[in-house]
Amino acid sequence: MGNYVIGIDLGGTNLKAGIVDTDGKILHRLSIKTNSHANSQAISDQIFSLIDEIIQSSPVKESDVIGVGLGSPGLVDKKGETILFSPNLPRWRNIPIKRIVAERFSKPCVLENDANAAAWGEKWVGVGKGASSLVMLTLGTGIGGGIIIDNKLWRGANNVAAEIGHMVIQVDGPQCNCGNRGCVEVYASATGMVRRFREALKSGALSSVKISDEITAKMINDAALQGDRTSLAIMEETGRYLGIALINIMHVLNPEMIVLAGGMIDSGELLMNPIRQVVRQGAFEASYKDTNIVFSKLGNDAGIIGAAGCLLTELEIFA
Ligand SMILES: [Zn+2]
């Protein structure tokens, strides 16, 4: 038995891999652009080549690799073997990727929803170390969610729990990729924030960021940090929408910790202040007063580390 796990984080933009040791440290990493419009076969081929490449380019020998932890966006089937549906990688579906990876590399593989994997990473070696209940929101193209209760990932009856991004916060709100209306990710994901920003500019709001197809959440964040008023207003509004989602989470689960992750947390207090304000105003005091709302510690590494950790947990290599 080896001492290392390959953790894979398949995202809508980047496909990342890391060689992770049993203490949750990444020794070596590689990243490529995800061929996000490709079909399942082409995306699987990208995963295979990345695994081959990381083994070849790493000082760790293949025989020292225990197996592969794969974090993927989308709904994973009840057995944890197949991706059923992935709103942000539309042609990545109905593929028994766990078995395919395990057979190709003759090593165990675990398939986990990417946000679940990231939540597990934070719980294992990140900001959530020591917390027995934790909810994580990953703010990216969509909003991913991971829920840990009593030190275990909560997967639900059909392995599809924690779709926090599709919590409806506005009845009859804008259409979401999932088909419903008014989901929190329509407002407060990076994509949602860019959409609202663009709408504000079209309605005449002034900003140092000019209207174009190239607007990103990072541009809004950078402008907000420079004091751009429209960017600040949009950022504050984003925090308020997230605050509403957090109130719902607290009222249902009363977790010890809520972890926010994704590029948008670079906004720091600009995002956190309105979240805290809305929570203080709207949640029962008993529901929020002992819940820590914090930013992720592992950042972009949470997915890789957590996917590796999920395999170690599945194999019962650590408690
Ligand atoms: Zn939705």
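Strand S11 (residues 257-261) pairs with S12 in the parallel sense over 4 bridges; two strands count as paired if DSSP finds at least two bridges between them. Strands (E, at least two residues) and helices (H or I, at least four) are DSSP runs, numbered from the N terminus. Within S12, Phe295 is the bridge partner of Leu260. The model is predicted: local features need pLDDT of at least 70, side-chain atom pairs count only at pLDDT 80 or more, and totals for chains, interfaces and linings use all residues. Residues are numbered from 1 along each chain as its sequence is written.

Both strands belong to an open sheet of 5 strands with mixed pairing, in the order S10-S9-S8-S11-S12. Strand S10 (152-153) and strand S12 (292-295) stand at the edges with a single partner strand each, so one side of each has no neighbour in the sheet.

Helix H3 (residues 114-125) packs on this sheet, touching strand S8 (134-139), strand S9 (143-149), S10 and S11; contact requires C-beta atoms, placed from the backbone, within 7 Å. The direction of H3 makes about 50 degrees with that of S9, where axes are lines fitted to C-alpha atoms, for helices over the stretch in contact, and angles run from 0 to 180 degrees between N-to-C directions.

H3 also packs with helix H10 (residues 302-314), at an angle of about 85 degrees and with the axes 7 Å apart. H3 is therefore roughly perpendicular to H10, a class covering 65 to 115 degrees. Among the residues making the contact are Trp120 and Trp124 of H3 and Ile305 and Cys310 of H10.

Because 12 of the 12 residues of H3 are buried, the helix is largely enclosed by the rest of the structure; buried means that 20 or more other C-beta atoms, placed from the backbone, lie within 10 Å of the residue's own.

Note on methods
Two residues are in contact if their C-beta atoms, placed from the backbone, lie within 7 Å. Angles under 35 degrees count as roughly parallel, over 145 as roughly antiparallel, 65 to 115 as roughly perpendicular and the rest as oblique.
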